[in-house]
Amino acid sequence: MGKVTGFLEIDRHDRKYKPAADRIRNYKEFVIPLGDTETKNQAARCMDCGIPFCHTGCPVNNQIPDWNDLVYSGNWEQASANLHSTNNFPEFTGRICPAPCEASCTLNITDESVTIKTIECAIVDKAWQNGWIKPMVSTEKTGKNIAIIGSGPAGLAAAQQLARQGHSVDVYEKNSKAGGLLRYGIPDFKMEKHHIDRRVEQMQAEGVNFHFEKNIGVDLSMADIEKNYDAIILSGGSEKPRDLPIEGRDFSGIHFAMDFLPLQNKVISYEISDNEKSITANGKHVVVIGGGDTGSDCIGTSFRQGALSVTQLEIMPEPPEKENKQMTWPYWPLKMRTSSSQAEGAMRDFSVLTESFEGSDGILTGLNCIRVDDNLKKIDNSAFKIKADLVLLAMGFVHPIHEGLLKQIGVTLNDRGNVQANEDDYMTNINKIFVAGDMRRGQSLVVWAIREGRQVAHSVDKYLMGQTNLPR
Ligand SMILES: Cc1cc2nc3c(=O)[nH]c(=O)nc-3n(C[C@H](O)[C@H](O)[C@H](O)COP(=O)(O)OP(=O)(O)OC[C@H]3O[C@@H](n4cnc5c(N)ncnc54)[C@H](O)[C@@H]3O)c2cc1C
Ligand code: SF4
């Protein structure tokens, strides 16, 4: 424990954002790092609890008190080594993780939690700046071939772990770049994509072979993959979006969030030109249906594209301003949260059901809505209209895409339509085929995908070699 009285003397300070009026002029990250001295002060607030609940609050079980102590004593390089022992990509989570660890911080019971995510990000950013992060190339090769299908955080974490064990690893990705939703879903203003490129270079140096624009089940059959590999990991994500099949759904101007968001990311990375962007919020009244992360990303992107207004509708009731910590700690509480994108000027409305879309000549002009009570029952005489030129459906994802790869191999699905496998060995019903990430657990978080990637690597290594020293 760095400073015994730190938590008594120092208040929580976290990273600030650049002003909304400035940041919406571009797509760059806008979070301002704390600086070394303030980061060390914040690390000093960690109480090094006897039972550190943050360990289990964090899905990759980051050893948070240990690296807080190392940062406080100025030993940043060792802090980085410790952090990387549990998390392959802390610069991703240090930017976009919702930080369930902070909800479970013991200080959060009576005070404000340690700024864990900010400290994590500072450690890894410093490690990159100082050249401490290097490829870890295995000196002994096992002669085993592994195919990983999908290069989201689950596939990337599994690939890195397995290549470092000396296996030959091929990652197949249907898009032209690696990263999955990190690359094409999450906007650049939340995480710039050079962070992924740098990791891909590191992994290539570690021996991982990337094969882009290879849609397995379409461009290459699973039979070919099965023939050539000793083990296969499916990490294709959960890509089937939840639809809203109501009257007027066919009007032009109504799109899934994931038809809209990737276009902007591709423009920024020069995969397409701005003119090729088939959907834009520029000059439009935008309505986002769905109150989660994806909805927020649609809001921030719409403002940057020049939307006239953005309204976000949520069917669930407005959550309480503050949680009752006695009831919720150490778990993730339901409470009112305002994302950086929502704070850029979005109008938010809760307990709203969209009954139908309105249009003229096949083109969307608005929504017919009605208010619902806490049991989602319609409230009499509460119908209202909203003008809209663009509706973005951000109501989550139901399960992985079944057509193609999954149907070809006839893998067993669970009752939610995800690929069936337990968390002990991550093996599907088909010999030598494993599954990890959103494809197994359903729509989730980047940090859970990294955890599953690491854990499936442990299982695959054990399956191939009879034993493993990879951590779970
Ligand atoms: C818009 C949006 C914003 C989000 N924001 C956050 C956030 O801020 N923080 C957070 O923690 N989580 C966020 N999430 C959730 C998070 O991104 C996912 O939980 C995570 O990326 C899942 O990782 P994965 O590796 O399992 O799958 P994915 O990231 O979905 O990657 C799957 C990859 O597999 C590829 N693939 C699929 N099928 C095939 C095939 N047949 N052949 C070849 N390749 C294939 C896909 O192209 C994709 O690249 C967000 C999700 C969305 C949609
Ligand atoms: S990965 Fe997420 S949960 Fe874990 S320490 Fe970092 S911010 Fe917290």
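Reply: The shell around ligand 1 divides into 19 nonpolar, 16 polar and five charged residues; here Ala, Val, Leu, Ile, Met, Phe, Trp, Tyr, Cys and Pro count as nonpolar, Asp, Glu, Lys and Arg as charged, and the others, Gly among them, as polar. In total 40 residues surround ligand 1, a residue being near a molecule if its C-beta atom, placed from the backbone, lies within 6 Å of it. The closest are Gly150, Gly152, Gly180, Gly237 and Gly437.

The model is predicted: local features need pLDDT of at least 70, side-chain atom pairs count only at pLDDT 80 or more, and totals for chains, interfaces and linings use all residues. Residues are numbered from 1 along each chain as its sequence is written, while chains are lettered from A and ligands numbered from 1 in the order in which they are written.

Several helices (DSSP runs of H or I, at least four residues, numbered from the N terminus) take part. At least two residues of the shell around ligand 1 come from each of α11 (153-163), α12 (181-184), α15 (257-268), α16 (293-305), α19 (438-441) and α20 (446-465).

By domain, with bounds from an automatic or database domain assignment, the shell around ligand 1 draws at least three residues from each of domain 2 (145-239 + 398-465) and domain 3 (243-395). The assignment also gives domain 1 (6-129). The centres of domain 1 and domain 3, taken over C-alpha atoms, are 30 Å apart. Between these two, 11 residues of domain 1 are in contact with 13 residues of domain 3, contact meaning C-beta atoms, placed from the backbone, within 7 Å.
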